[in-house]
Amino acid sequence: MKINDYKTNGKTPLQNATEASLYAKELQPKLNAMVTFTDLEPQVENLKNISKDALMYGVPIVLKDNVTTKGILTTASSKILGNYVPVYNAHIADKLRDAGAIVIGKSSMDELGMGGTNLSAATGPVYNPYDLSRISGGSSGGSAVLVAAGAVPFAIGTDTGDSVRKPASYNGIVGVKPTYGRISRYGIIPYASSLDHVGYFTRNMYDAALALEVLAGRDDRDMTSSFLPVEKYTEYSHDVTGKKIAVLKNVTDIIPSMELKEQMNHLEEELRKKGAVVEEVSMREDLLRAALAVYFIIANCEATANHSNLDGIRFGVQEGKDSYEDIMTKSRTAGFSGLIRKRFVIGSYGLFEENQERLLRKAQKVRRLIVDEMNELYKTYDAIVAPASLKGAPKATDAEDKLSNEYLIAESYMCLGNFSGYPSMTVPFAMVDGLPVGLNMTCRAFEEQTMFTIGQAIEEISGWCDKTVEVK
Amino acid sequence: MQYETVIGIEIHCELKTKTKMFSSAPVTFGQPANSCTNEIDLGHPGVLPCLNKKAVELAIRACTATHCTIDPLVKFDRKNYYYSDLPKGFQITQQFHPIGRNGYVDITVDGEKKQIRLNRIHMEEDTAKQFHGYQGTSIDFNRAGTPLIEIVSEPDMRNGKEAAAYVEALRTSLLYMNVSDVKMEEGSMRCDVNVSIRPAGSDTFGTKTEIKNLNSISNVQKAIDAEVARQTEVLENGGTIVQATYRFDEATRSTVMMRKKEGTVDYKFFPEPNIPPVQLDEKWIASIQENLPELPSQRYERYTTVYGLSDYDANVLINNKEVSDFYDEVMKHTKEGKLVANWTISELMAILNRENTPLSDCKIKPEHLAAMVEMIAKKEISGKQAKELFPDVVKGEDPKKLADARGMKQVSDVSAILAIVNQVLDEQPQSIIDYKNGKDRAIGFLVGQIMKKSKGQANPQLANQLVLQEIAKR
């Protein structure tokens with residue numbers, strides 16, 4: 001069901017929300033996607049105050065567990081926030097409530113958003129609905145699988161490197177990360193502030209545009225939030241004639257299977273038939289190879305400072321008692337997994353006065369160079385595209401947050417969307433060995449409409465529209 | 001050996017804003033603990049800072065008053081360290097791009113003028129307040145996030161007197177600029193003093209120590225004197241100065257070591273990613289600078305030239321801004337500058353001192369004092385009569401109504417007074433003889449009699465004049 005179908009399917013908002021919640025609970029033993037299920041009645045009761053024309057009136061949705069919700073447990077899938085009940089709502093939680101959405105629960109994620117597998121959540125791994133032995137991808141894994149399985153038509157994720165767009169690829173759904181500043185980050189438990197974006201999942205392009213109309217807009221509590229007016233995104237053009245699309249050769253050249261190669265070629269051909277100009281382009285290989293290192297340094301440096309507030313003193317799980325040092329040390333040692341602590345140590349190392357120039361400052365300079373290189377392409381092209389993954393989701397036993405040199409660029413290039421802040425999304429288009437693979441597309445700043453136009457064409461070509469998977 | 005003292009001072013000043021540096025929680029003093037905080041001040045997960053425009057305006061005023069060069073591109077950085085009074089685990093400050101640089105403050109010590117250079121003024125947020133008790137530490141987050149400016153001087157001061165004069169000059173400037181309450185005892189102005197000594201004539205610095213938590217300007221001077229004496233003694237006895245933080249103990253008038261400084265802490269400063277650089281509009285800066293409140297030096301100029309006040313009177317008024325502001329209010333209703341100054345300084349301030357109340361609690365209305373002074377100037381009432389009225393004027397009563405109700409009127413009508421004069425002269429022949437025999441005192445007696453007969457309403461100067469005139473005729 002699409003978002004608008006929930007308003008017209010003859011059921012009450014409570015019925016729709018209850019069914020969604022029950023189905024998510026039924027899936028829980030298989031997918032392990034949820035951290036917390038929420039009370040539906042008070043939310044449905046609140047619909048009295050909301051116009052029936054509201055864009056998500058009575059539509060059941062899911063929030064990633066790093067979206068703060070007043071009075072509702074918000075853990076960011078970390079032990080240290082295992083008992084954390086926020087005193088305030090995230091900006092988007094208010095926006096979604098005012099649009100009439102009913103939050104059925106908070107979904108699992110990689111701990112504090114720091115991962116790409118969703119194996120590091122405090123509540124355990126999230127599994128792929130296409131094959132339960134495979135990963136959902138992360139860090140927004142819980143949200144992705146619930147949309148793919150059809151429990152909800154829409155779910156919030158966040159994206160710092162590719163945390164919406166990679167799981168979208170693995171789960172055969174649309175994953176959108178709009179322009180930095182388009183959606184307020186106020187109330188999103190951060191990972192790395194200069195790279196963090198609010199994003200979301202839907203199963204079709206129209207819903208993706210509709211959701212942005214709900215979420216976008218200036219918020220005075222977020223100084224990086226844009227003043228640009230919110231467009232009628234749903235009125236995006238369905239005509240790709242003349243749209244110039246750059247296929248990123250650095251990635252497509254290393255596609256390992258004929259199966260994916262053929263589907264990629266087919267897509268390019270069909271886009272041309274629809275009137276788009278599709279050309280292969282290359283970016284500087286050395287810059288693309290540096291992207292992961294740049295990402296890793298900036299993200300971890302910002303993260304180590306961002307999470308210094310998690311000290312067990314004012315909120316969260318408190319360990320120790322002898323002194324403030326004792327509380328901080330023990331709370332943080334017990335509260336974070338080893339992987340997170342490792343990232344903090346790396347981030348802290350990058351911030352030391354004697355290292356900062358050589359690590360953080362240098363990474364920021366290379367980030368700038370990469371964005372300059374992207375801007376060169378955007379002088380000619382409306383979009384840069386490439387497969388969001390070269391294969392379907394890996395087996396949970398194989399998946400690691402470590403990358404092989406072979407696929408370094410293919411596995412990490414999507415962070416270019418975070419470096420630049422440009423709008424980027426993944427659209428399902430292929431099946432490889434019975435598993436979905438998406439196409440990633442990145443456009444110019446605030447040109448979300450163009451992105452939806454091209455996405456619509458891809459949806460029409462692939463036939464992937466509102467497809468759900470039956471979980472076996 | 002002769003030593004030279006070298007002093008540099010860092011001053012933290014709370015800015016007089018309604019809300020905090022990066023949150024909408026109110027800035028207060030003396031409210032119940034943790035009642036004036038929100039999720040931002042408490043460093044809850046997911047919060048973001050939002051820069052307070054008023055704080056930037058006040059920082060610009062402070063920079064202007066101290067002749068600093070203003071950086072129109074405002075940037076912030078994170079200073080990272082773990083402490084229980086620092087909710088986010090970092091403080092947002094301006095490490096790399098302070099809003100003001102290269103300023104100076106003029107001081108006068110023992111009649112000699114000196115310029116103290118400022119290295120920088122930067123904006124930052126305050127930490128929470130901690131109370132260490134026997135049962136542990138309590139934290140009050142009301143202060144967390146309060147806007148601060150830190151003013152860092154160059155090591156230009158050479159003794160405690162200069163340091164005290166510097167702090168006083170800054171304090172007065174910031175008070176007049178309405179930048180801060182500058183109450184050292186309440187902590188809205190906090191001084192950290194760096195002191196070192198070196199052999200006279202040397203151009204290298206000695207090892208410095210830092211004195212923290214000074215709660216008054218006089219203690220700034222006393223603490224420096226004590227610390228210089230301590231350092232001198234250490235060096236004279238062949239010892240070395242150890243870099244450390246001291247506090248001043250008022251009871252023993254000595255500096256006491258709090259902690260040694262072991263190496264420098266790496267605060268891992270880096271640019272704050274949640275606050276994009278803010279380009280200030282040059283017109284906005286100019287409008288702030290053009291509409292600055294009057295500086296104390298400008299007020300002194302106005303008092304001495306426009307109102308003709310003495311140096312002493314001008315300074316007494318200016319040193320108490322509240323009284324000086326009141327004086328200016330009175331002067332909106334009258335032109336009798338000197339007379340108003342006399343009444344304000346010798347009468348009003350005396351009553352306030354005696355009753356130990358601040359002017360803000362006093363009900364006196366500026367227009368009433370103006371009216372009373374006008375009545376004196378126009379000889380409608382005498383000074384003596386005014387003194388009788390004043391206690392009630394201080395209580396908020398209208399002097400005109402008071403004078404009418406009490407039948408107070410100064411008779412300045414020559415014929416009316418002349419009649420009384422001749423009546424008194426007729427009654428007091430002996431006084432006339434006394435006067436003619438050279439006893440000038442007799443005149444005083446005669447005037448007294450006239451005042452008595454007129455029920456105090458005769459204009460005494462006029463009475464005096466007429467007595468002399470009439471007595472000469474007899």
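Chain B is divided into domain 1 (3-279), domain 2 (294-405) and domain 3 (414-473), with bounds that come from an automatic or database domain assignment. The C-alpha centres of domain 1 and domain 3 of chain B lie 68 Å apart. Before going further, please keep in mind that this is a predicted model, in which local features need pLDDT of at least 70 and side-chain atom pairs count only at pLDDT 80 or more, while totals for chains, interfaces and linings use all residues. Residues are numbered from 1 along each chain as its sequence is written, and chains are lettered from A and ligands numbered from 1 in the order in which they are written.

Let us start with the overall build of the two chains. Chain B holds 15 helices and 16 strands; helices (H or I, at least four residues) and strands (E, at least two) are DSSP runs, numbered from the N terminus. Its radius of gyration is 30 Å, well over the 23 Å that the globule rule gives for 474 residues, so chain B is more spread out than a compact globule. Here the radius is taken over C-alpha atoms, and the rule is 2.2 Å times the number of residues to the power 0.38. Along the principal axes, the C-alpha atoms of chain B fill a box of roughly 95 × 55 × 50 Å.

Chain A has 16 helices and 13 strands. For its 472 residues a compact globule would have a radius of gyration near 23 Å, and the 21 Å of chain A agrees with that. The box for the C-alpha atoms of chain A is roughly 70 × 60 × 45 Å, again along the principal axes.

A residue is buried if 20 or more other C-beta atoms lie within 10 Å of its own, exposed if 12 or fewer, and partly exposed in between, with C-beta atoms placed from the backbone. Buried residues make up 58% of chain A and 38% of chain B. Two residues are in contact if their C-beta atoms, placed from the backbone, lie within 7 Å. Among contacts with a separation of 6 or more, residues 24 or more positions apart account for 75% in chain A and 69% in chain B.

Now for the interior. In soluble globular proteins, nonpolar side chains tend to be buried together. A nonpolar core is a set of buried Ala, Val, Leu, Ile, Met, Phe, Trp, Tyr and Cys residues joined through C-beta atoms within 7 Å. The largest one has 197 residues, of which A:Ile61, B:Ala59 and B:Val193 touch the most other members. Helix 10 (residues 285-306) of chain A gives the most to this core, with ten residues. Beyond its neighbours within four places in sequence, B:Ala59 is in contact with B:Ile99, B:Ile121, B:Met123 and B:Ile149. A second, separate core of 26 residues includes B:Phe326, B:Val373, B:Met375 and B:Ile381.

Two strands pair if DSSP finds at least two bridges between them. Strand 1 (residues 3-14) and strand 11 (residues 189-199) of chain B pair in the antiparallel sense over eleven bridges, and B:Val6 has B:Ser196 in strand 11 as its bridge partner.

Elsewhere in chain B, an open sheet of three strands has the order 5-4-15, with antiparallel pairing. Strand 5 (90-93) and strand 15 (270-271) stand at the edges, each with a single partner strand, so one side of each is left without a neighbour in the sheet. Strand 4 (residues 77-80) is joined to strand 5 by four bridges, and B:Asn80 stands opposite B:Phe90.

Finally, look at where the chains meet. Here 24 residues of chain B are in contact with 36 residues of chain A. The chain B side divides into twelve nonpolar, seven polar and five charged residues; Ala, Val, Leu, Ile, Met, Phe, Trp, Tyr, Cys and Pro count as nonpolar, Asp, Glu, Lys and Arg as charged, and the others, Gly among them, as polar. A:Val87, in the loop between strand 2 (60-64) and helix 4 (91-98) of chain A, is in contact with A:Lys70, B:Glu39 and B:His44, leaving aside its neighbours within four places in sequence. With 12 C-beta neighbours inside 10 Å, A:Val87 counts as exposed.
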